[in-house]
Amino acid sequence: MAKITYIEADGTEHVVDIATGKTVMEGARDHNIAGILAECGGACACATCHAYIHHEWFDKLSPANPVEEDMLEFAVDTDPSRSRLTCQITVTDMLDGLIVQLPES
Ligand code: FES
């Protein structure tokens with residue numbers, strides 16, 4: 001279980017507990033948090049789960065694999081220093097406190 005803060009583009013914050021093993025995308029979807037469309041359902045094939053990881057957390061995550069890196073090129077307004085596809089980030093206890101900024105959708 002990890003407490004994750006999702007910040008919508010308008011600044012609205014959602015602090016929610018996400019079960020270990022879920023993805024950051026699934027956590028947002030399960031809590032009806034706006035900003036992550038996840039059109040492919042987590043198959044790393046749409047880039048609509050793109051979000052910005054807070055700088056304190058970005059380097060603590062496992063690096064993006066080549067498939068995610070390729071798919072990130074299709075996301076809108078990416079920032080190489082903090083952009084990730086949230087369907088590719090699996091929640092662990094180590095991510096307790098993670099902060100995710102959601103893009104304009
Ligand atoms: S949900 Fe489609 S790439 Fe993440």
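Biologist: What lies over the face of tyrosine 52?

Modeller: Arginine 82 does, at 4.0 Å from the ring centre. A charge sits over a ring if NZ of Lys or CZ of Arg is within 6 Å of the ring centre and within 35 degrees of the ring normal. This is a predicted model, where local features need pLDDT of at least 70, side-chain atom pairs count only at pLDDT 80 or more, and totals for chains, interfaces and linings use all residues. Residues are numbered from 1 along each chain as its sequence is written, and side-chain values use heavy atoms, with hydrogens and water left out.

Biologist: And which residue lies over the face of tryptophan 57?

Modeller: Lysine 60, at 4.7 Å from the ring centre.

Biologist: Back to tyrosine 52. What does it stand opposite?

Modeller: Glutamine 101 in β5. Strand β5 covers residues 99-101 and is joined to β3 by two bridges, the two running antiparallel. Strands (E, at least two residues) are DSSP runs, numbered from the N terminus, and two of them pair if DSSP finds at least two bridges between them.

Biologist: What is the strand order in the sheet?

Modeller: The order is β2-β1-β5-β3-β4, in an open sheet with mixed pairing. β2 and β4 are at the edges with a single partner strand each, so one side of each has no neighbour in the sheet.

Biologist: New topic: threonine 5. Buried or exposed?

Modeller: Threonine 5 counts as buried because its relative accessibility is 14%; buried means under 20% relative accessible area, exposed over 50%, partly exposed in between (1.4 Å probe, protein chains only). Threonine 5 lies in strand β1, residues 2-7.

Technical notes. Helix = DSSP H or I, 4+ residues; strand = E, 2+ residues; numbered from the N terminus.
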